[in-house]
Amino acid sequence: MISVTAIINDSPFFGKDGDKITYLQLKERFMREQENDVSLRVELDTKQKDAICVYGRGDLHLGILIEKMRREGYEMALTPPQVVFKEEKGVKLEPIEEVSVEIDLDHVN
C-alpha cells in the first residue's frame, strides 16, 4: 500500500488548470471513487485541516486515479507517495504480495 495526501492547491497557479478546486469537491470525488474501487481507501486527515489521505495499491493505481481526476477538471496538491507499513508483534513490516501464475506447457520455452 502507498499513500498520498491531497490538499487544495495553494500555489501561485491556483485555478489555472481546473475548475473543481474546493476541498468539498475533492472530498466528494474521492469518496465516490472509493465506493467503486475496493482497493482504494480514503480518510480525512485529522492532523492537518483540509487534507485527504488516499491509500492505494501502488504508484500506478494512484497515478491513474489522480490523472483521471485532473482530466475531469480537479485541481489539487499532493504529497510524495509514502509506503504504508504495518506492525505485528512489535516488528515493522513492509507490504508484499505473492503471485502464483499457472501456464500451460505449450507456452513454456
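**Values against cut-offs**

Mentor: Start with Phe85: leaving aside its neighbours within four places in sequence, Phe85 is in contact with Lys92, Leu93 and Glu94. Keep in mind that this is a predicted model.

Trainee: Where does Phe85 lie, and why is Phe85 called partly exposed?

Mentor: Phe85 lies in the loop between strand E5 (82-83) and strand E6 (86-88). Buried needs under 20% and exposed needs over 50%; Phe85 has 41% relative accessibility, so Phe85 counts as partly exposed. By the way, Phe85 and Ile2 are 83 residues apart in sequence but 9.0 Å apart in space, C-alpha to C-alpha.

Trainee: How do you know that the charged end of Lys92 sits over the ring of Phe85?

Mentor: The distance limit is 6 Å from NZ to the ring centre, along with an angle limit of 35 degrees from the ring normal. The charged end of Lys92 is 4.7 Å from the centre of the Phe85 ring, and the pair is listed as a charge over a ring. Arg41 gets that label too: Arg41 lies over the face of Tyr55, at 4.1 Å from the ring centre.

Trainee: And how many aromatic pairs are there?

Mentor: Zero, in a search of the whole structure. A pair would need ring centres within 6.5 Å.

Trainee: On to the strands. What makes E2 and E3 a pair?

Mentor: At least two bridges are needed. Four bridges join strand E2 (residues 41-44) to strand E3 (residues 51-56), so by that rule they pair, and they run antiparallel. Glu43 stands opposite Cys53 in E3, while Val42 has Val54 as its bridge partner.

Trainee: What makes E3 mostly covered?

Mentor: Six of its six residues are buried, each being under 20% relative accessible area. Both faces of E3 are covered, with Ala51, Cys53 and Tyr55 on one side and Ile52, Val54 and Gly56 on the other.

Trainee: What about the loop between E2 and E3: why is Lys47 called exposed?

Mentor: Lys47, which has its place in that loop, comes out at 81% relative accessibility; the cut-off is over 50%, so Lys47 counts as exposed. Lys47 and Ile21 are 26 residues apart in sequence and 21 Å apart in space, C-alpha to C-alpha.

Trainee: Why is Asp50 called partly exposed?

Mentor: Asp50 has 32% relative accessibility, which falls between 20% and 50%, so partly exposed is the label. Asp50 is also in the loop between E2 and E3, and its phi is near 60 degrees, a positive value in a residue other than glycine.

Trainee: Which other residue has a positive phi without being glycine?

Mentor: Lys89, with phi near 55 degrees. The place of Lys89 is in the loop between E6 and strand E7 (91-93). Its relative accessible area is 87%, over the 50% cut-off, so Lys89 is exposed.

Trainee: How do you know that the span of H2 is close to what is expected?

Mentor: Helix H2 (residues 59-71) has 13 residues and reaches 18 Å from its first C-alpha to its last, and the expected value at 1.5 Å a residue is 18 Å. Just after H2, Gly73 takes a positive phi of about 105 degrees.

Trainee: What puts the buried residues on the same side of H2?

Mentor: The buried residues in H2 include Leu62, Leu65, Ile66 and Met69. They cover an arc of only 95 degrees around the axis, which puts them on the same side of H2. What covers them includes strand E1 (2-7), helix H1 (23-36), E3 and strand E4 (77-78). The face turned away from that buried side carries the exposed residues Asp59, Leu60, Ile64 and Arg71.

Key. Residues are numbered from 1 along each chain as its sequence is written. This is a predicted model: local features need pLDDT of at least 70, side-chain atom pairs count only at pLDDT 80 or more; totals for chains, interfaces and linings use all residues. Side-chain values use heavy atoms; hydrogens and water are left out. Helices (H or I, at least four residues) and strands (E, at least two) are DSSP runs, numbered from the N terminus. The expected span of a helix is 1.5 Å times one less than its number of residues. Buried means under 20% relative accessible area, exposed over 50%, partly exposed in between (1.4 Å probe, protein chains only). The arc is that of the directions from the helix axis to the C-beta atoms. Contact means heavy atoms within 4.5 Å. Rings of Phe, Tyr and Trp (its six-membered ring) pair if their centres lie within 6.5 Å; planes under 30 degrees apart count as stacked, over 60 as edge-to-face and the rest as tilted.
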